[in-house]
Amino acid sequence: MAGCAGLAGGLAVARDPGARRARSLMRRGPADRRGPAVGMLLRTLFEGRREWLCAPVAALLAVLGDSVLPLLAGAVAVPLVRRWLRRRVRRRARERATDAVMTLCGAVVGELRAGREPGEALLAAAGSAGALGAAEPAVLAAARFGGDVPGALRQAAAGPGLGGLAGMAACWRVAADGGAGLAAGLARLESALRGERRRREELRAQLAGAWSTVAVLALLPVVGLGLGAALGADPLHVLLHSPGGLVCLAAGGLLEAAGLFWATRIVRAGEA
């Protein structure tokens, strides 16, 4: 448990290397700019591969419990943790893309109100917003050479988190065909996207307590093992080297997995 706590502390310090380096430079001055060796080693080994942190934890438990079962559990945990991390990265990427579309709408509105033509406004705003993703060359080419800008925006809206570009394409089409003001439509679209982000943040704040409960429930077995070890009961030996302990370990693992799945499903239903 001490090794796991130290590893978690090192990872928490290494999560923001830029801020950590800035703090170290301000604190220690230019004479000593070497970062902590342990933090640098952890960042080098596990940058982009944080799911493999399950391996040293499983190895530590295997050594403490004198059994290969923790190694097997660690091998099973690696793909599960990788899947969870990738899902979180995709969710954050979608949110960043949605925020970029909102920024693009505001920038185009500002350029239009400054007197630019719609194509010129899109060209001036797209580079700074970065909301078009892989479809940016096609959209910018259509805006520069008088092509089908709404069609290019609709194609770009197929990307994750870029659904707001479909609304931008509709505003562009209505402004081109019906003569309506493009700036007014994009301003309303930006307001709608901003309201959606505000509701998402409020919902996340309301569900923070539920996620904390899920985390506490997940850590309760670890706390129980730590208390047992503190009392001298050697819970790892009992769980890994006795028939009753193996039965308890299997039943507890299944119940833990079922409880986490159930609680996570309830919270995600609230998010949806």
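Is L71 buried, exposed or partly exposed? Select L71: at 43% relative accessibility, this residue counts as partly exposed. Buried here means under 20% relative accessible area, exposed means over 50%, and partly exposed lies in between (1.4 Å probe, protein chains only).

**Before you go on**

This is a predicted model: local features need pLDDT of at least 70, side-chain atom pairs count only at pLDDT 80 or more, and totals for chains, interfaces and linings use all residues. Residues are numbered from 1 along each chain as its sequence is written, and side-chain values use heavy atoms, with hydrogens and water left out.

**Stop 1: the whole chain**

Show the protein as a cartoon. There are 12 helices and 0 strands. Helices (H or I, at least four residues) and strands (E, at least two) are DSSP runs, numbered from the N terminus. Of the 272 residues, 29% count as buried.

**Stop 2: the nonpolar patch**

Return to L71, which sits in helix 5, residues 69-113. Together with L71 they form a nonpolar patch on the surface, with about 500 Å² of accessible area. Such areas come from the Shrake-Rupley method with a 1.4 Å probe; for residues, only the protein chains shown count as cover. A patch takes residues with over 30% relative accessible area and no salt bridge; like charges are joined within 9 Å, and nonpolar side chains (Val, Leu, Ile, Met, Phe, Trp, Tyr) within 5 Å.

Helix 5 and helix 12 (243-271) each supply at least two residues of the patch. Helix 5 gives the most, with 3 residues.

V68 lies in the loop between helix 4 (54-65) and helix 5. This residue is exposed, with a relative accessible area of 55%.

**Stop 3: the positive patch**

Stay with helix 5 and select R86, which is found there. With R86, they form a positive surface patch. Lys and Arg count as positive and Asp and Glu as negative; His and the chain ends are not counted. The place of a charge is NZ of Lys, CZ of Arg, CG of Asp or CD of Glu.

**Stop 4: the salt-bridge network**

Select E95, D99, R197, R200 and R204. Salt bridges link these residues in a network. A salt bridge is a side-chain nitrogen of Lys or Arg within 4 Å of a carboxyl oxygen of Asp or Glu. The structure holds 7 of them.

Centre on E95, which is buried at 16% relative accessible area. E95 bridges to R204, with the closest N and O atoms 2.2 Å apart. E95 lies in helix 5 and R204 in helix 10, so the pair ties together parts 109 residues apart in sequence. E95 also meets R200 in a salt bridge (3.9 Å, N to O).

Move to D99. Its side chain meets that of R197 in a salt bridge (3.9 Å, N to O). D99 is in helix 5 and R197 in helix 10, 98 residues apart.

**Stop 5: the core**

Finish with L104, V108, L122, L153, L165, M168 and L186. Of the 34 residues in the largest nonpolar core, these touch the most other members. A nonpolar core is a set of buried Ala, Val, Leu, Ile, Met, Phe, Trp, Tyr and Cys residues joined through side-chain atoms within 4.5 Å. Helix 5 gives the most to this core, with 8 residues.
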